[in-house]
Amino acid sequence: MATPNSNDDAPIPFEFALETNNSLIQSAPEKYDHFMASLPLTTLDHRRIRLYQGFWIPEDYLRGVLTIQDHFASRPNDLFIVSYPKSGTTWLKALIFATMTRKKYPFDQNPLLVYNPHQCIVYIDKHYSLGRSRIVEAIPSPRVLSTHIPYSILPDSITGSDCRMIYVWRDPKDVIVSLWHFAQKVYEGTPNLPSFSESFELFCEGNSYFGPIWNHIIEYWKESKRKPEKMLFLKYEDMLEEPIKYARILAKFIGCPYSEAEEKQGVIEQVVDLCSFQKLKDLEVNKRGSGTILDGHVPYAAFFRKGMVGDWRNHMTSEMAQRLDGIVAEKFKEAGLEMINMKSETTLGCLD
Ligand code: A3P
């Protein structure tokens, strides 16, 4: 990798912070164990999840969520990437990292070429669960942090701060398909994994990681309406349709808009190209590398499956699709929202 140009507005890859601050790792916090044991429990793909303040949180991350609630100290220039799992987090992480580091590294030397986007931008729920809060505190500004924590569970130190947030959401039908495939990869070889219809049923009941998904989306949507200057609310499908437009919007929102000269030189196109599904998927690190989720190993390849809109048609009958759409539409309506930018879709091409 080339020596980076000095650029103090660019984040460092989290992997660097992890390597240099290893001595700051503490043992996983145990003080919440008693409290956690008192919460409603169920299992999903063999993973224990607890109902906490209206959301099902994986038990192994709940420890981190509780630590963040009690101890997270934000900085005014922190930037949060927030999502419901499998809604396009990896892509958004890559886009933000590439945007913010575009002046620091030549495009053919960007750390994204050798590190998975999750190694570049820290997932705080996980790392706080692992006793790595002091490493997150040691990351130099500007910090880019990611979380799946629902808005109502975030501490005041974040919601009451000047930090900006970018939320990405995705058609829940494609989210459950993506989640199910991800679990198949992570727990490969484990007996009695749920079938797609079993996972779908639980998802529709709101029984999913950080679910119910509709409440997750609604809470962030409401906040984005209340404070648009603080919260950017994006949809994966829109981004896939017009990546250049959204890359431009992202850069502006995070305070590093493209200059006229950059526009002319095609810098936005280079950012989008570096972060494109195929480009990232084909990288050695993402083909053969792996990381951890708390209770297991995850091949980075599992984060790059199809990267398309509408794969739900290959997994659902039209009845299933209409059922989930109906639940989500009803919840959005109850919350005073119409289906946000959700084009009415045909179920043509479904399993039946
Ligand atoms: P599929 O499983 O439908 O293919 P997350 O990053 O939140 O875990 O979401 C994963 C989903 O985003 C997966 O969807 C994955 O293929 C897709 N994805 C990953 N990288 C992408 C990229 N660069 N562009 C578009 N989609 C991407």
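## Close-up views of a predicted model

View 1. By class, 5 nonpolar, 4 polar and 4 charged residues line the second largest pocket. The structure is a predicted model. The volume of the second largest pocket is about 280 Å³. Among the 13 residues of its lining, D9, M100, I254, G255 and C256 are the closest to the centre of the pocket.

**View 2. The whole chain, for orientation.** The chain contains 18 helices and 10 strands. Its C-alpha trace spans about 55 × 50 × 45 Å along the principal axes. A compact globule of 352 residues would have a radius of gyration near 20 Å, and the chain agrees because its value is 20 Å. Of the 352 residues, 57% are buried. Among contacts with a separation of 6 or more, 77% join residues 24 or more positions apart. The chain exposes about 15,200 Å², and 51% of this area is supplied by carbon and sulfur atoms.

View 3. Rolling a probe the size of a water molecule over the atoms shows where empty space is left. In this model the count comes to 3 cavities of 30 Å³ or more. The largest cavity holds about 90 Å³ of space. Its lining consists of L44, D45, I176, L179, W180, A183, S199, L202, F203, N207, S208 and Y209. The elements giving two or more residues to this lining are helix 9 (172-186) and helix 10 (196-204). Helix 9 gives the most, with 4 residues. Sorted by class, the lining of the largest cavity has 8 nonpolar, 3 polar and 1 charged residues.

**View 4. D45 is a lining residue with a positive phi.** D45 is one of the residues that line the largest cavity. In the chain, D45 sits in the loop between strand 1 (41-44) and strand 2 (47-52). Phi of D45 is positive, about 50°, although the residue is not a glycine. D45 counts as buried because its relative accessibility is 10%, and the cut-off for buried is under 20%.

**View 5. N192 has a positive phi in an exposed position.** N192 lies in the loop between helix 9 and helix 10. The phi value of N192 is near 60°, which is positive in a residue other than glycine. The relative accessibility of N192 is 70%, so N192 counts as exposed. For D45, by contrast, the relative accessibility is 10% and the residue counts as buried.

**View 6. The second largest cavity has a lining with no polar residues.** By class, 10 nonpolar, no polar and 1 charged residues line the second largest cavity. The volume of this cavity is about 60 Å³. Its lining is made by P11, I12, F14, C120, I121, V122, I139, P142, R143, V144 and L145. P142, one of these lining residues, lies in the loop between helix 7 (133-138) and strand 6 (144-147). The peptide bond from S141 to P142 is cis, with omega near 0°.

**View 7. A cis peptide bond leads from G211 to P212.** For the bond from G211 to P212, omega is near 5°. P212 is in the loop between helix 10 and helix 11 (213-226). Helix 10 is also one of the elements that give two or more residues to the lining of the largest cavity.

**View 8. Y84 is a buried loop residue.** Y84 is placed in the loop between strand 4 (79-83) and helix 4 (89-100). The relative accessible area of Y84 is 1%, so this residue is buried. Y84 and T147 are 63 residues apart along the chain, and their C-alpha atoms are separated by 8.8 Å.

**View 9. V267 is a buried residue of helix 15.** V267 belongs to helix 15 (residues 267-274). With a relative accessibility of 8%, V267 counts as buried. Leaving out residues up to four places away in sequence, V267 touches R102, F107, Y258 and E262. G349 is 82 residues from V267 along the chain, and the C-alpha atoms of V267 and G349 are separated by 38 Å.

Conventions
Residues numbered from 1 in each chain as written. Predicted model: local features only at pLDDT ≥ 70, side-chain atom pairs only at ≥ 80, totals over all residues. Heavy atoms only, no water. 1 Å grid on protein atoms, 1.4 Å probe; cavity = no way out; pocket = protein on both sides within 12 Å on 5 of 7 lines; lining within 4 Å. Points joined across faces, edges and corners; volume = space filled by probe spheres on them. Nonpolar A, V, L, I, M, F, W, Y, C, P; charged D, E, K, R; others polar. Rg over C-alpha atoms; globule rule 2.2 N^0.38 Å. Buried < 20%, exposed > 50% of the residue type's maximum accessible area, 1.4 Å probe, protein only. Contact = heavy atoms within 4.5 Å. Areas by Shrake-Rupley, 256 points an atom, 1.4 Å probe, with all protein chains shown as cover.
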